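Biologist: I would like to learn how to read a few features of a protein model, one after another. Could we look at it together?

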Number of protein chains: 2
Amino acid sequence: MKTIFVGIDLGGTNIKIGCFDAQLNLIAKTSTSTNVDMGPQVVVDRIVHTTGGLLQDNGLSVEDIRSIGIGTPGPAKYCDGIIIASPNMPAFKNVPLRKMISDHFDRPAILENDANAACWGEYVLGAGKNVQDMVFFTLGTGIGGGVITNGKLVHGFADNAAELGHIIIYPNGRKCGCGQKGCVEAYASANSTAKRAVEAIEKGAKSSLKKLLDEKGTITSKDVYEHLANGDKLAKQITDQTAEALAIVCINILHTTEPQRIVFAGGMIAAGNILLDRIKYYFNKHIWSMKSETVEICFAALGEDAGIIGAAALAQQISAK
Amino acid sequence: MKTIFVGIDLGGTNIKIGCFDAQLNLIAKTSTSTNVDMGPQVVVDRIVHTTGGLLQDNGLSVEDIRSIGIGTPGPAKYCDGIIIASPNMPAFKNVPLRKMISDHFDRPAILENDANAACWGEYVLGAGKNVQDMVFFTLGTGIGGGVITNGKLVHGFADNAAELGHIIIYPNGRKCGCGQKGCVEAYASANSTAKRAVEAIEKGAKSSLKKLLDEKGTITSKDVYEHLANGDKLAKQITDQTAEALAIVCINILHTTEPQRIVFAGGMIAAGNILLDRIKYYFNKHIWSMKSETVEICFAALGEDAGIIGAAALAQQISAK
């Protein structure tokens, strides 16, 4: 019998599943659509079926599984393994997902916030290796996060810690989807970055992005970085605002939990050093002069696999208990 | 032989010392001037001598001591028990205070940041009782803080976590002593609250505080709250700005470590509900609508003894190891 840990990243559109050995090496992974409208039982059946198939294709059996980790978006009562409600999975209300999965496989399972799972993946095997205190941001449609202090994920009183995208950096600033104003997400997510560019063009700012906007009817943060690389002035200005917002949130995090490393992940890090260097520039511009800070600001290392790796690593932890 | 834990609060002006029994009941306390200019060895001698006298006066002996906790301002390498440098204790450079005290009494000792010690005191015996996740602010000359997650103080990578006064809430706002702009300390400390009132009067704002300023040449945050209680309009405006700044920092903390309770301490809480109610008002005004938050925002319960209580409670922890 082998030792297999299963890591599952359950999203509103796709389910990613990975099988890992005892050293957390990826043996095989797959992805399938969630079919979220069919409801929790169908989704669980899909997970069970797909996992079984993945193992079989690789000469393994469900008997080899030691434990299962599942990352999924909140709000959830993760410590109880229950999805309370999820904007992207409307049919999931008070679903005891952990128990359903655990019962099916007759193995221990753990439910974790998807950003926390990815954070834990980077912590164990990626950009956070060899540190005890790390903070993690995902720059996507919104901004998610994870906080690790003393080598442990911070869950908070009601399992809703690390909603880092909703740290207010400009009170009474841009409206955020959450109902607050001035959240870092309203400036520096991939969506907000693109949106600020569109708004500026609509207000008459000159930019090589205008032609694209006229043609496609929309632009993405990727477009912004591409035009920045080609020397567009508006793209530079938009990127600077994104970087400055992220730098201020880095400073605020530093003065709260003082991580050794702050790791950015998500589609937007494809921008590369052109973004990272500007975040560091604004961090140094705004940081105090009381002492010189040595926090490392860097990009994630595991790409899209961080979620399944982190879920498997969390599964390994509960199996060791 | 009895079981005594000693809690010491070492400041630039005074040393407070308390002796506690095994249930952390205060047996006796005293205070003496630090004589900080005389250097570390003299200060240690004063601590040893004063502690001995305090015990003797209460029918106890140094033999009864189990362990000693010391709270002191940073920057320090607390985990190594060394004061690196302290703005209020210029003669203290790389002083191994923990070892000096421990050697003198031949007992284990622990060194902790003074705000962290007070935070721990409130956590164990005061406003933070019966919670696992708490954040603590001291509103004094500056703003200090402490963060507890999963029942543990967060120290951060370089022992400088919880510098909560330097969370930036208004980028490019008021200049802070730390070199940053827009720190919450630059708006909502006792000093900054008074300073904003003085600035407004000097700019011509009408206020009953003007007469006081003309007479005394200065005003304090206490004056602001007294005049607020008497219906002064400027005092209300100044207090509202203080409360709004503190509310925004509460929101940002909530989205980071999600404490169950946020506790404010320091001289300024003497203002009472007139301040606390406004903090809660602005918290509710600015907080997201994604879910209803149940964080309790309250004032500290232990007054000036929080530091020695917390130091003794930390001493108790190391003695239990």
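Modeller: Let us begin with a definition: helices (H or I, at least four residues) and strands (E, at least two) are DSSP runs, numbered from the N terminus. In this predicted model, local features need pLDDT of at least 70, side-chain atom pairs count only at pLDDT 80 or more, and totals for chains, interfaces and linings use all residues. Residues are numbered from 1 along each chain as its sequence is written, chains are lettered from A and ligands numbered from 1 in the order in which they are written, and side-chain values use heavy atoms, with hydrogens and water left out.

Biologist: In which strand is B:I17 found, and is B:I17 buried or exposed?

Modeller: Buried means under 20% relative accessible area, exposed over 50%, and partly exposed in between, using a 1.4 Å probe and protein chains only. B:I17 belongs to strand 2 of chain B, residues 14-20, and its relative accessible area of 0% makes B:I17 buried. Contact means heavy atoms within 4.5 Å, and, not counting residues up to four places away in sequence, B:I17 touches several residues, including B:V6, B:I47, B:T51 and B:I308.

Biologist: At what angle do helix 1 and helix 2 of chain B pack?

Modeller: Axes are lines fitted to C-alpha atoms, for helices over the stretch in contact, and angles run from 0 to 180 degrees between N-to-C directions. Helix 1 (residues 40-57) and helix 2 (residues 97-105) of chain B pack at about 40 degrees, their axes being 11 Å apart. Helix 1 of chain B is therefore oblique to helix 2 of chain B; angles under 35 degrees count as roughly parallel, over 145 as roughly antiparallel, 65 to 115 as roughly perpendicular and the rest as oblique. Among the residues of helix 1 of chain B that meet helix 2 of chain B are B:I47 and B:T51.
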